[in-house]
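User: I have a model to go through before I set anything up. Can you walk me through its geometry?

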Amino acid sequence: MSTIIYVLIVIVILALIIVKKSLVIIPQSETKIIERLGKYYATLRPGINIIIPFIDQAKSIIALRHGRYVYTNAIDLREQVYDFDKQNVITKDNVQTQINALLYFQIVDPFKAVYEISNLPNAIEKLTQTTLRNIIGELELDQTLTSRDTINTKLRAVLDDATNKWGIKVNRVELQDITPPESVLQAMEKQMQAERNKRATILTSEGEKAAAILKSEGEKTAIINKAEADKQMAILNAEGEAQARIRKAEAEAIAIQKITEAVGKSTNPANYLLAQKYIQMLEEVATGDKTKTVYLPYEATNLMGSIGGIKDLFKSE
């Protein structure tokens, strides 16, 4: 009786083991490659899958986990990130620099990822390094530092085309660090300082030039304005003098007319006016120094005649 019980217990245990081996639960975003007697049989889907124990086996592959290569039979279908160590590359102008890259890829065909390449992570890393060397080798250092987007696009296109055979889809490639040698960094710093000094000198000279132009334009405007003012003043003075002469001539004409009316036709009014001018001149001479110089008017006889005309005028009045 006890033997039968032991046999039943063994049978139950074996049944449980067989059931456990027969049921394979696959998490979401993962899969497994099943081989039956060493030959590809199926690619398991997420959920519960039934296999034949001890006959069907999951294929192991090499994967990168926390920076280490490990063997696993679960294939992760999510997007993965590989952070490659810095590597030395040489630019077109023979400058050795260090570049660190990030690769974002996804397994889209587990069958190819298992059977087309033996060590997928290592293959991707080596392919990325060689492709990056080729791309950087076609660019100068300045282009390398300023053309990250271009490098990323070229690198992604080459890797995506090359890894298509392995069932890999390369989504993005990002360059993290580009580190030139220390001597090149110092030279670049000096160059940038020289460029900044050059721009400062240019800006200063342009400012001085603009200031000189503004100053000369201001002086030119001031001279033009002053000339215009002098011109207007001269015109006004000339017009004033002309008006004064006209008024004076008109006044003298009126005076002559009055004198003519007063003295009548018997006496020339010009003699009267001339006599007045002589008398005015004699008054001015009399105010001078009388001890040293004696002034006699020119043509004194005419003066006497003019004075006689004035005397006749007063008599007639």
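Predicted model: local features only at pLDDT ≥ 70, side-chain atom pairs only at ≥ 80, totals over all residues.

User: How many helices and strands does the protein chain have?

Analyst: The protein chain has eight helices and 13 strands. Helices (H or I, at least four residues) and strands (E, at least two) are DSSP runs, numbered from the N terminus.

User: And what share of the residues is buried?

Analyst: Of the 317 residues in the protein chain, 26% count as buried. Buried means under 20% relative accessible area, exposed over 50%, and partly exposed in between, with a 1.4 Å probe and protein chains only.

User: What about contacts between residues at least 6 apart in sequence?

Analyst: Among those contacts, 60% join residues at least 24 apart. Contact means heavy atoms within 4.5 Å.

User: Now H5. What span does it reach?

Analyst: Helix H5 covers residues 148-163, 16 residues, and reaches 22 Å from its first C-alpha to its last, close to the 22 Å expected. The expected span is 1.5 Å times one less than the number of residues.

User: Which residues of H5 are buried, and why do they line one face?

Analyst: Ile151, Asn152, Leu155, Leu159, Asp160 and Thr163 are buried in H5. Seen down the axis of H5, the buried residues fall within an arc of 150°, so they line one face of the helix. The arc is that of the directions from the helix axis to the C-beta atoms. On the other side of H5, Asp149, Thr153 and Asp161 are exposed.

User: What covers the buried residues of H5?

Analyst: The cover includes strand E12 (96-107), helix H3 (120-137), helix H4 (141-146) and strand E13 (168-179).

User: Which residues have the most contacts inside the largest nonpolar core?

Analyst: Leu103, Phe105, Leu120, Ile124 and Trp166 have the most contacts inside that core, which has 31 residues. A nonpolar core is a set of buried Ala, Val, Leu, Ile, Met, Phe, Trp, Tyr and Cys residues joined through side-chain atoms within 4.5 Å. E12, H2, H3, H5 and E13 are the elements that give two or more residues to this core, and H3 gives the most, with seven residues. Apart from this core lies another, of five residues, among them Val24, Ile26, Ile34 and Ile51.

User: What does Phe105 touch?

Analyst: Leaving aside neighbours within four places in sequence, Phe105 is in contact with residues including Tyr82, Ile124, Ile168 and Val170. Phe105 counts as buried at 1% relative accessibility.

User: Switching to rings. How many aromatic pairs are there?

Analyst: The structure holds four aromatic pairs. Rings of Phe, Tyr and Trp (its six-membered ring) pair if their centres lie within 6.5 Å; planes under 30 degrees apart count as stacked, over 60 as edge-to-face and the rest as tilted. Tyr40 and Phe111 form an edge-to-face pair, 4.8 Å centre to centre with 75° between the planes. This pair links distant parts of the chain, with Tyr40 in strand E4 (residues 39-43) and Phe111 in helix H2 (residues 110-115), 71 residues apart. Tyr40 is partly exposed, with a relative accessible area of 33%. Tyr82 and Phe105 have ring centres 4.8 Å apart and planes at 70°, so that pair is edge-to-face.

User: Which rings make up a cluster?

Analyst: Ring pairs link Tyr40, Phe111 and Tyr115 into a cluster.

User: Where do charged ends sit over rings?

Analyst: The charged end of Arg36 sits over the ring of Tyr41, 3.8 Å from its centre. Arg172 lies over the face of Tyr104, at 4.2 Å from the ring centre. The test is NZ of Lys or CZ of Arg within 6 Å of the ring centre and within 35 degrees of the ring normal.

User: Last topic, backbone. Where is Phe54, and what is its phi?

Analyst: Phe54 is in the loop between strand E5 (47-50) and strand E6 (56-58). Phe54 has a positive phi of about 65° although it is not a glycine. Most residues other than glycine have a negative phi. Asn94 also has a positive phi, about 60°, and is exposed, with a relative accessible area of 67%.

Definitions and conventions:
Residues numbered from 1 in each chain as written. Heavy atoms only, no water.
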